[in-house]
Amino acid sequence: MALALYNTLTRRKEAFQPLNPDHVGMYVCGPTVYDRAHIGNARPVIVFDVLYRLLSRLYPKVTYVRNITDVDDKINQRSKDSGEPIEVITARTTRLFHDDIAELNALPPTIEPRATAHIAQMLDMIGRLIAKGHAYAAEGHVLFSVPSMSDYGKLSGRSMDEMIAGARVEVAPYKKNPADFVLWKPSTPDLPGWDSPWGRGRPGWHIECSAMSGQYLGTTFDIHGGGLDLVFPHHENEIAQSQCANGAPFARFWLHNGHLMVEGEKMSKSLGNFFTVRELLDQAPGEALRLYMLSTHYHQPFDWTADGLKQARAVLDRMYTALRNSAEVAAEICDPPAEVLAALEDDLNTPLAIAHLHELTTVLNKATEAADKARAKGALLAAAGMLGILTQDPEAWFRWQPANTAAGLSDADIEALIVARADARKARNFAEADRIRKELADSGVLLEDGAQGTIWKRA
RNA sequence: GGCCGGAUGGCAGAGUGGUGAUGCAGCGGACUGCAAAUCCGCGUACGUCGGUUCAAUUCCGGCUCCGGCCUCCA
């Protein structure tokens, strides 16, 4: 089975053929570093991480570019409010972003370019757009002339007339056409700025992605991804800038992940249902957050609920239990099972892939011969690797507790109580044994008596 | 107002023109000092009204409801 991806550009699922069969290029819009990542930011990170893993398996070389936007008016505002220098805010937020998503088992991209390190490329592109009549300078701004591009609006499927009719913004007086958008804007002395032929200024929102994708992936490349909300205007404008400046097609496949809701409601700060990744990492292991995210197809809206997160954790409990119960055999090294690859190759059908993981878990649980166990374990782990889960030692998984929790029973306390209970059981004092088990259960520790003794886990 | 998605069993969530999703929860059984874990078995489903078809949850159309986007939000 070949890789098929839903392409927003054609609104169809298409067979994916890379431009160069030996080297796939993918660009995904990364974070604007002014605040900690929230779960909405985490979705594209996780979704495109799975795609990156899949592409890396299917093709000899993959270059995955995910930018860091470190020049933006939201950052400027944050600095103004807090008094902290911009560089301090962006450096810290970038570091926290890396910390957070590492816990979600997201692999680092091949290249993670920062916008401020590519101002020269942006200015070059703006210069070429002006030279070709696709942009004009006005009052210190440089604007992209939307009417200069005949097929503008192709990605988002809207016409010029619609956009003008539906425009909700006040039209700046320096715009020749209400749909024109900013490539470069003037900076006052207190704002970050770079010298340019149009005066000291800073880039508009869209130009950085055009400049950086072109720099690292070439003018035409395979895949461009991001959140569904970026289709318009961000990605539409990236296409306009890049194609008009380069005279060549831009990204061939456009992939967009759906948005997040929380407990059935749109996620928003005013509703107070806005979770950062860090807050959630105190509720459940990163792997549970990741699996939960992948339990809905990436194109669908995702409804984040407390119960859903609990279920995702229960799913991993089941899989890690199977691994723990087969700890005595080494996993056989093997390729991921065909049905798992087929599910992922069918437009990243992660829910179906997870269903296959359940089946593989059952196979492992049922295996009795060592060779069967080793094979089943290898298949499960290889499949899980495609999704970036089951990466830790099962014992570590079952011992997990929130980092900042008030200390409950330590591992040593628990082991001591288990020994005491084993003695009581040996003496057939089941009342005492059950009392100890209850005591542990009340502290969130569950026991399982097996042939090889008693094992435990934190609920 | 314009554009785009969606509606599947108690819950989550795939998929399909005719037969099993999967998991959780529930019920019954095996196992267990009792549990837990595991295994086996069981049940309930495709919003609504029409159309196409030998056959529709699946294709087409109307309706209802829900969600998203419409200039700097992933």
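Author: Gladly! Please keep in mind that this is a predicted model.

Reader: Which residues of α12 are buried?

Author: A residue counts as buried when its relative accessible area is under 20%. In α12 that applies to Thr350, Ala353, Ile354, His356, Leu357, Leu360, Thr361 and Leu364.

Reader: Where do these buried residues fall, seen down the axis of α12?

Author: Here is the general idea: an α-helix has 3.6 residues a turn, so residues three or four places apart point the same way. In this case, the buried residues of α12 lie within an arc of 155°, so they line one face of the helix.

Reader: How far does α12 reach from its first C-alpha to its last?

Author: Helix α12 runs over residues 350-366, 17 residues in total, and reaches 24 Å, close to the 24 Å expected at 1.5 Å a residue.

Reader: Now for the whole chain. How many helices and strands are there in chain A?

Author: Chain A has 16 helices and 15 strands. Its C-alpha atoms fill a box of roughly 90 × 50 × 35 Å along the principal axes.

Reader: What share of the residues of chain A counts as buried?

Author: Of its 459 residues, 51% do. As for the surface, chain A exposes about 20600 Å², with carbon and sulfur atoms supplying 53% of that area.

Terms used: Residues are numbered from 1 along each chain as its sequence is written. Chains are lettered from A and ligands numbered from 1 in the order in which they are written. This is a predicted model: local features need pLDDT of at least 70, side-chain atom pairs count only at pLDDT 80 or more; totals for chains, interfaces and linings use all residues. Side-chain values use heavy atoms; hydrogens and water are left out. Helices (H or I, at least four residues) and strands (E, at least two) are DSSP runs, numbered from the N terminus. Buried means under 20% relative accessible area, exposed over 50%, partly exposed in between (1.4 Å probe, protein chains only). Accessible areas come from the Shrake-Rupley method with a 1.4 Å probe; for residues, only the protein chains shown count as cover. The expected span of a helix is 1.5 Å times one less than its number of residues. The arc is that of the directions from the helix axis to the C-beta atoms.
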